[in-house]
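Me: I'm new to this one. Could you take a close look at the aromatic rings for me and walk me through them?

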Amino acid sequence: AGIVRKEADNIPADPPELKRSFFDAVATLMSNQVRSLVEASIIAYEEFFKKYRKKSYPSAEEVAKRKFDISSPIERSFLQITIDVSNDSGKVKFKEASHNVLTQLKNIIEEIVKQSHNMPRAENNICPGENTQLWKISMDDVIVKRAMNTVGDIVQQNLTVVNEVLNLYSKYEYILTEKTRNVKFLTDKTKTRDDFNAQIEKYMNQKMEIINNLPCEVRMNMFLIDCKEINQRLIEECNSLIAELEKTIADDLKDRADKLLEEYEVIQKKLNQKLDTEEVLVETELFLSQLKDTKKDEYIGRYQDLLEWLMMLLRTSFKLGDAELRKVKQTLDSVKSLNSLVDSNEERLRN
């Protein structure tokens, strides 16, 4: 403005149109300079994206496999997006919707164009005229529209391929909503030890596949997809499902031990009662006979079954507490003492 003021002072005041022509010429020069800067920025932005245009793009599966081959090419990327889980559907998705990414990248062109808007003319503080701003560039400008189309097309082509990364998780996606089905399994009293073992093994195998086969990141052309969060979420879900199965086994183990010990107390009470009447004597003899013929074997069989459940649980990472282990030890003691209890009461009845 100081240079314009100095030059304007050298222009004759008459005719007045002469000074206005000078200011218009300065405004035209400045507008052209602004346009050149904006055009150069838009063209540079457009050219940057052209580096990410390819005749064919590598698939997500192909890129994911490259982590096992150090000689494979590395795709160039400058944007990072993260895989997340939809709270509504439990499906894997990108944290940032693809249409939002496209809109944000195209909006940068609009922001560049806006830099030409509302720029004051140099003479506003000297001799303001009817026009107080430099010429602005329109979004309909040929260069602007071309850049919007170029960037839009390239980004959309890359996003189409990037969306394929979600397919890498199609095999494991069910784990995210598996808790409901697992609850149904846990409450099904018909499930056997083999069923529980198969279920635990299934989730363990899925967890190891996720750890060994799914990449922490997929470096696609233009986009780096961060997979660490979703991988960790799937691993945690597997751990949670396994923990629920193990806890159910542990709770059932405690219940089985409690019932065996309660039954042993009943046996002791029956056999240790005073034989002071003929009715009690007959009742005790009958109970002892049933115990020898069937009940003792049934009791020992249930203890053996409890032991099998315990051995299966000990092969997992589940940690049984001291109280649970003492309970199992007490049932073992009851089994060991069962024969001597029967023998001593037979002797008592004979005498």
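Reply: Let's start with a term: a charge sits over a ring if NZ of Lys or CZ of Arg is within 6 Å of the ring centre and within 35 degrees of the ring normal. By that rule, the charged end of Arg76 sits over the ring of Tyr52, 5.2 Å from its centre. This is a predicted model, where local features need pLDDT of at least 70 and side-chain atom pairs count only at pLDDT 80 or more, while totals for chains, interfaces and linings use all residues. Residues are numbered from 1 along each chain as its sequence is written, and side-chain values use heavy atoms, with hydrogens and water left out.

Rings of Phe, Tyr and Trp (its six-membered ring) pair if their centres lie within 6.5 Å; planes under 30 degrees apart are stacked, over 60 edge-to-face, and the rest tilted. Searching the whole structure turns up nine aromatic pairs. One of them, Phe48 with Phe78, is edge-to-face, at 4.9 Å centre to centre with 75 degrees between the planes. That pair links distant parts of the chain, 30 residues apart: Phe48 is in helix α2 (residues 16-50) and Phe78 in strand β1 (residues 77-85). Helices (H or I, at least four residues) and strands (E, at least two) are DSSP runs, numbered from the N terminus. Phe48 counts as partly exposed at 27% relative accessibility, and so does Phe78 at 33%. Here, buried means under 20% relative accessible area, exposed over 50%, and partly exposed in between (1.4 Å probe, protein chains only).
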